[in-house]
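Please look through the sequence and the structure below before reading on. The briefing that follows takes up a few parts of the chain, one topic at a time.

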Amino acid sequence: MHKKPLFLLIGTSLLVPVAALLLAQDSRQKPQAQKTLDIYFLDTEGGQSTLFASPSGESLLMDTGTKDGAGQQVDRIMAAIKEAGIQQLDYVIVSHYHGDHVGNAAELANRLPIRHFFDHGPFTVELQPNRAAAFNSYLTVRERARATVPKPGDKIPVAGLDVEVVSSAGQLLTSPVAAAPGAGVPNPACREASDKVQDPTPENYESVGIVVQYGRFRFLDLADLTWNQEEKLVCPNNLLGTFDVYHTTRHGTDWAGSPPLVHGARARVAVMNNGAKKGGTLDSWRIIHGTPGFEDLWQEHYSELVDKEHNPPENFLANLNETDHGYTLKMSVRSDGSFTMKNERNGFTKDYPAAKGAALTSNR
Ligand SMILES: [Zn+2]
């Protein structure tokens with residue numbers, strides 16, 4: 001048997017550990033990019049459509065925007081779905097049956113598989129001729145689909161995320177969200193509570209609202225729930241806890257976004273699904289900016305209801321109206337609670353480090 005010279009044996013045996021060491025060093029220098037929860041805030045011109053792409057690969061779409069003649073809004077949703085690499089929508093929440101939320105549900109079901117709908121039930125309290133079309137088109141799809149009417153406290157089982165329903169079909173959560181920071185304790189912002197007269201569009205009252213948690217990151221989205229209902233969720237005790245991001249209730253109009261909710265939620269970032277002339281009111285601006293520890297408001301549109309001073313700087317505006325429509329805000333969230341927001345109109349990004357002292361302790 002041929003024997004290798006001794007120096008060659010030493011040489012090859014050394015090669016492996018040296019190569020392994022180099023590789024280890026290399027991977028230390030360039031850590032694998034952590035998978036993020038990506039949230040796409042789509043421009044639906046004052047409606048709502050928010051896509052959650054979980055690190056697990058599963059997806060959740062909160063509302064479907066308005067059906068427009070040219071299909072621009074559904075195309076925007078499909079573009080985000082494509083960018084996220086999603087083949088099917090695992091869960092779609094239709095928060096309620098106003099046209100700016102249910103509008104493209106039927107068309108989306110034509111374009112890709114939808115595994116599971118969640119909504120407030122196969123009825124609507126509003127069937128005026130000008131409001132029934134979107135609901136009726138969805139009803140046809142809903143009859144053939146898997147659809148669940150959740151109760152407050154139920155989970156939407158998106159793999160990798162904790163999604164809890166806190167309002168549905170006029171019912172509200174009555175006990176604190178489990179293991180949520182700041183949940184279940186008296187809310188000092190209830191000093192600012194005041195009732196408002198219920199507006200004459202009772203569908204909003206039925207809205208499915210959710211709390212999304214990914215690791216230490218917490219996100220609040222109550223769709224179009226009403227002012228008085230918001231206050232019941234956080235007064236006298238805050239049942240929802242504190243948040244990193246508040247998605248404005250009812251587009252940043254004066255019908256919702258009450259001080260006890262917004263200030264009790266203590267989100268450092270707010271995202272407003274307003275339109276050029278819908279939402280983004282002076283009062284909503286003031287209430288949001290009065291949040292303790294508040295950092296930034298991002299808006300889908302420049303609000304033409306107020307002056308420039310009461311709009312965010314241009315980098316924080318997805319669409320400037322005269323020149324732009326359809327641009328998306330994209331948030332990439334890491335499990336330590338840090339996140340990055342990107343304005344897809346101009347590529348501007350801002351990093352938000354993990355909140356200090358965030359703890360997943362329950363106050364129950
Ligand atoms: Zn709406």
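**An enclosed strand and its surroundings**

Strand β11 (residues 209–214) has six of its six residues buried, so it is largely enclosed by the rest of the structure. Here a residue is buried if 20 or more other C-beta atoms lie within 10 Å of its own, exposed if 12 or fewer, and partly exposed in between, with C-beta atoms placed from the backbone. Helices (H or I, at least four residues) and strands (E, at least two) are DSSP runs, numbered from the N terminus. This is a predicted model, in which local features need pLDDT of at least 70 and side-chain atom pairs count only at pLDDT 80 or more, while totals for chains, interfaces and linings use all residues. Residues are numbered from 1 along each chain as its sequence is written.

**The chain and the confidence of the model**

- The protein chain contains eight helices and 20 strands, and 48% of its 364 residues count as buried.
- The mean pLDDT of the protein chain is 90, and 89% of its residues reach 70 or more, where pLDDT is the predictor's confidence in each residue, from 0 to 100.
- Over residues 1–28, however, the pLDDT is below 50, and beyond near neighbours in sequence this stretch has one contact in the model; two residues are in contact if their C-beta atoms, placed from the backbone, lie within 7 Å.
- Residues 358–364 also have pLDDT under 50, and for them the model has 17 contacts beyond four places in sequence.
- Among the contacts in the protein chain with a separation of 6 or more, 69% are between residues 24 or more positions apart.

- β8 and β11 pair in the antiparallel sense over five bridges, and Glu-164 has Val-211 in β11 as its bridge partner.
- β11 also pairs with strand β12 (residues 217–221), again in the antiparallel sense and over five bridges, and the bridge partner of Val-212 in β12 is Phe-219.
- The hairpin of β11 and β12 has two residues between the strands, and in this hairpin Gly-215 takes a positive phi near 60 degrees.

**The nine-stranded sheet**

- Nine strands form an open sheet with mixed pairing, in the order β6-β5-β4-β3-β2-β1-β18-β19-β20.
- β6 (147–148) and β20 (349–352) stand at the edges with a single partner strand each, so one side of each is left without a neighbour in the sheet.
- Strand β3 (residues 59–62) runs parallel to strand β4 (residues 91–93), and three bridges join them; Leu-61 has Val-92 as its bridge partner in β4.

- Strand β14 (residues 245–247) and β15 pair in the parallel sense over three bridges, and together with helix α7 (residues 259–265) they make a right-handed β-α-β unit.
- A crossover is right-handed if, with the strands pointing away from the viewer, the path from the first strand over the helix to the second runs clockwise.
- β15 and strand β16 (residues 296–301) pair in the parallel sense over four bridges, and β15, helix α8 (residues 282–289) and β16 make a right-handed β-α-β unit.

**Helices and the nonpolar core**

- Helix α6 (residues 227–234) has six of its eight residues buried, so it is largely enclosed by the rest of the structure.
- What covers the buried residues of α6 includes β8 (162–168), β9 (171–172), β13 (237–238) and α7.
- Leu-282 lies in helix α8 and counts as partly exposed, because it has 13 C-beta neighbours inside 10 Å.
- The largest nonpolar core has 85 residues, of which Val-92, Ile-93, Ile-156, Ile-210, Leu-220 and Leu-240 touch the most other members; such a core is a set of buried Ala, Val, Leu, Ile, Met, Phe, Trp, Tyr and Cys residues joined through C-beta atoms within 7 Å.

Notes. Pairing = 2+ DSSP bridges.
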